[in-house]
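Here are a few exercises on how two chains meet. Try each one on the structure before you read the solution.

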Amino acid sequence: MSIITTKNLEKIYNESIVPVHAINNISLSFEKGEFTAIVGPSGCGKTTLLNLLGGLDKPTSGEVFIDGINLTEFSSNKIINFRLRNIGFVFQAYNLIPVLTAKENVEFIMELQGIPKQKREERVVHLLEQVGLKERMNNRPGELSGGQQQRVAVARALASKPKFVLADEPTANLDSTSTGNLLDIMLKLNEMENTTFIFATHDSRVMKRARRIITLDDGKVVQDENIKQNMKKQVNPADEN
Amino acid sequence: MLFSIAWKNVWRNKLRSLIVILSISLGLLGGLFYLAFANGMVQHQIDATIKTQISNIQLHNPKYMLDNEVKYTISSPDSIINKIEEIKGVRGVTSRIKSTAMVSSAITGAGITIIGINPVKEKNVTNLYKKIIEGTYLIPGKKYQIFIGQKLADKLKVKVRSKIVIAALDMSGNIIYGAFRIVGIFKTESTNFDLSNVFVLKNDLRKLIGFPAKQTTEIAVLLNDNNQTNYVANKIKKIFSKAISEKKYEVETWVEIQPALKLINEMFIQYSMIFLIIILVALSFGIVNTMLMAIMERVRELGMLMAIGMSKMKIFLMIMLETIFLSITGGAAGLFISWIAITITHKTGIDLSVVSEGLNALGYSSFVHPMLGLTYYILIGSLVIVTAITSSVLPARKALKLNPAEAVRQNV
């Protein structure tokens, strides 16, 4: 079942001066549990597409549906609340709150959701354990390496139990070891908790491990490839019985 | 958590925050100290005027109030004094005979007010006996002594033991003369008072102008606490309501006797408050500028907060809280150092003797004890809070205008 569907999505910048088609008539759908990389050269529209999927930006035309809900009809306040409860974000520059510890950074989003303190504490510890940073939970971002900060950002993105996680160039600032560790963690979360990850990247290390690669060029989808041999098996509960 | 993040954000750039806090503190110190200085000067003037010249409350014949003629008297002053002395809060009561007169020495003359007093009772009401710079105070029983101000002595070119002649109108309106010997010279904070008032024994003046026995022109009442002036005045009016309604005498407080004194006090405070408000407005621009800089530096972080789902209202509130915390920290520090500075200088006093002549001519003491009541600290503390809230709106609005999609990628 599709959790995200886009219909004839278009984003034109500078519409009245020199129109730039950042996204040009894209219709896509993403299934639950996907581990997808959106790739393409710089300026092809990867980040713009991700912003449209996450409701950070409004399309010029077309629609984005999340679990059948049309995101493009939401007011700016409603969409913020929708993002809080349904979408996780991982950014290239980590974007952690520097004055808070790793634990507080992860906990913050749950506090915004109004989750009680005890439940927050349990989930923070669980998430930081999963990303291998339980021992560093009381460290501030400035006391962590780039890779560790990005792992905290992943834990933060998952803290709100989102329907999917959008990651914009999450490995761009990381060395190969940190990239490998981060991708291992994300794949583990994808396999164990069926978390949907959608990346915008031009990092070959991410592409190698993605199970679906959508290639953009000039705002258009030029290739949409399912990597069959790596595709995660969809478990049918009926089959299990 | 919003409060906690806002507080932590204030200290994100310690140096910048400390500079803002210091500027608020010093601005407040300047404004408050000026206010305390002006207040101290004026309060001292009021206090000195009450204790040296007019007392808190005076009783006169209503007609005397109009043209200051000695024939308009109050009868049976002793029984009035006895009743007033029983009122709680009254420190001393005395009666005086006052008349306009001319004083002349061998060199020159001057128009003055001659005041006949009982020196023993007068000591309970005025502190002139503490202002002697030469000679002594009036000695009971010793005839034809006169106690004059330094400025008048200088003008007449006389000194202690010099003889001067008083020319006054008697009760029938005839000019009479009397020679008095100077026993003492006083100097108050007001050169004008020193120039225009002389003191003699009540009995001497009574004999000189033929003033009737059991009569007086003025009853002066000194209180323990100036704040009780209206309360005691109302009590006196109540006790003597019949005589007052029959216009036998009138009760006036120092504010009614010298309204200019209160007006000057209020004017000083208003000027000082305007000065302080200008300081606060100037500081608010500094606060706004600092917070705008802080926001410009945190565009990516604010974009992230919007992206992950922090509502606009919470972001607005967070920026407001940061501005308010910064301003209030500066305000609290400013109020505290001002309180210390004012308390210390209140005890030690500030010596302005280099400009004493000018100050004394205006009736101010050349030794100022800055003072500020708790009400002013509360009022100014509230003004700091208002400034903080006002200053926070613009940076908070600026933060709200960010586009999260662009903000999260700034400088990436």
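Predicted model: local features only at pLDDT ≥ 70, side-chain atom pairs only at ≥ 80, totals over all residues.

Residues are numbered from 1 along each chain as its sequence is written, chains are lettered from A and ligands numbered from 1 in the order in which they are written, and side-chain values use heavy atoms, with hydrogens and water left out.

**Exercise 1.** Size up the interface of chain B and chain A.

Start with contacts (heavy atoms within 4.5 Å): 23 residues of chain B touch 27 residues of chain A. Next, take the buried area (accessible area, 1.4 Å probe, that two parts lose on being put together, summed over both). That comes to about 2,300 Å², with carbon and sulfur atoms giving 66%. On the chain B side, Met1(B), Lys8(B) and Ile308(B) lose the most area, together 28% of what that side buries.

**Exercise 2.** Find the salt bridge across the interface.

Look for a side-chain nitrogen of Lys or Arg within 4 Å of a carboxyl oxygen of Asp or Glu. The rule turns up one such bridge between the two chains. Its partners are Lys8(B) and Glu104(A), at 3.4 Å from N to O. As for the helices (DSSP runs of H or I, at least four residues, numbered from the N terminus), α13(B) gives the most to the side touching chain A, with seven residues.

**Exercise 3.** Describe how α2(A) packs on α13(B).

First, get the geometry: α2 (residues 76-86) of chain A and α13 (residues 299-308) of chain B pack at about 80°, their axes 7 Å apart. Angles of 65 to 115 degrees count as roughly perpendicular, so α2(A) is roughly perpendicular to α13(B). Then list the residues in contact: Ile80(A), Arg83(A) and Leu84(A) on one helix, Met306(B), Ala307(B) and Ile308(B) on the other.

Methods:
Axes fitted to C-alpha atoms, helices over the stretch in contact; angles between N-to-C directions. Helix = DSSP H or I, 4+ residues; strand = E, 2+ residues; numbered from the N terminus. Parallel < 35°, antiparallel > 145°, perpendicular 65-115°, else oblique.
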